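User: I would like to know what the labels on this model rest on. Please set each value against its cut-off.

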Amino acid sequence: MVKRKRRKKVLKEANWAEYFAHIQGVCPWAYRAYMKDNILVWEHPENCFKTIKSLYAVSGYEAFVYVFKNSTPDQLELLAEQLNKEQQHDSWLWSHPDADSGDGNSAPVPALIQQNRARLEKLREQIGYTDE
């Protein structure tokens, strides 16, 4: 009997410019913000997540994106729900390549997105977006 090595799922590298360009239909401001260096991507936030997320409000960035490569969709969804309850001024969204709804808009890697809630709601209102 031949033993097979268990393969780890290899996540592709994220091309954030390509991703933000792709999601312009649902998030038209993200690509421009990213290209203006107004979105900060944290590739390895695990050890200092609490500290980093507290810096967002004074950072001047439109959004922070946290890459959690080993997280499942359920873990990210739960964390986003918790953070949305805890933090009244920020809006937390999650995205995972394994949880794509068929529109191709999921992030290329598991991620949490932190944005200013009031600003996000205003931007969504401008394009007629409603959260169903």
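The questions below go from the whole chain to single residues.

User: What kind of model is this, and how are residues numbered?

Analyst: The model is predicted: local features need pLDDT of at least 70 and side-chain atom pairs count only at pLDDT 80 or more, while totals for chains, interfaces and linings use all residues. Residues are numbered from 1 along each chain as its sequence is written, and side-chain values use heavy atoms, with hydrogens and water left out.

User: How many helices and strands are there, and what makes a stretch count as one?

Analyst: The protein chain has 5 helices and 4 strands. From the N terminus on, the order is α-α-β-α-β-α-β-β-α.

User: Why is Cys27 called buried and Cys48 partly exposed?

Analyst: Buried means under 20% relative accessible area, exposed means over 50%, and partly exposed is in between (1.4 Å probe, protein chains only). Cys27 has 14% relative accessibility, so Cys27 counts as buried. Cys48 has 36%, so Cys48 counts as partly exposed. Across the protein chain, buried residues make up 33% of the 132 residues.

User: Why is Ser71 called buried, and what is Ser71 in contact with?

Analyst: Ser71 has 17% relative accessibility and therefore counts as buried. Ser71 sits in the loop between β2 (63-67) and α4 (73-86). Contact means heavy atoms within 4.5 Å; apart from neighbours within four places in sequence, Ser71 has contacts with Leu76, His96 and Pro110.

User: Which label does Tyr34 get for accessibility, and why?

Analyst: Tyr34, in helix α2, has 24% relative accessibility and so counts as partly exposed. Beyond neighbours within four places in sequence, Tyr34 is in contact with Trp16, Ala17, Phe20, Ile39 and Val41. The C-alpha atoms of Tyr34 and Phe20 are separated by 7.3 Å, and the two residues are 14 apart along the chain.

User: What makes Arg119 and Glu62 a salt bridge?

Analyst: A salt bridge is a side-chain nitrogen of Lys or Arg within 4 Å of a carboxyl oxygen of Asp or Glu. The side chains of Arg119 and Glu62 meet at 2.7 Å, N to O, and the structure holds 1 salt bridge. Arg119 lies in helix α5 and Glu62 in the loop between α3 and β2, so the pair ties together parts that are 57 residues apart in sequence. Arg119 is partly exposed at 39% relative accessible area, and Glu62 is partly exposed at 24%.

User: How do you know that Lys53 has no salt bridge?

Analyst: The nearest side chain of opposite charge to Lys53 is Glu86, at 4.6 Å; the limit for a salt bridge is 4 Å. For charge, Lys and Arg count as positive and Asp and Glu as negative, with His and the chain ends not counted. Lys53 is buried and belongs to helix α3 (residues 49-59). Leaving aside neighbours within four places in sequence, Lys53 is in contact with Tyr66, Leu83, Gln87, Trp92 and Gln114.

User: Why are the buried residues of α3 said to line one face?

Analyst: The buried residues of α3 are Phe49, Ile52, Lys53 and Tyr56. Seen down the axis of α3, these fall within an arc of 95°, so they line one face of the helix. The arc is that of the directions from the helix axis to the C-beta atoms. An α-helix has 3.6 residues a turn, so residues three or four places apart point the same way. The buried residues of α3 pack against β1, β2, α4, β3 and β4, whereas the face turned away carries the exposed residues Lys50, Ala57 and Val58.

User: Which residues of α5 are buried, and why do they count as one face?

Analyst: In helix α5 (residues 117-127), Leu120, Leu123 and Arg124 are buried. Their arc down the axis of α5 is within 100°, so they line one face of the helix. The buried residues of α5 pack against β3 (90-95) and β4 (111-116). On the other side of α5, Ala118, Lys122, Glu125 and Gln126 are exposed.

Key
Helix = DSSP H or I, 4+ residues; strand = E, 2+ residues; numbered from the N terminus.
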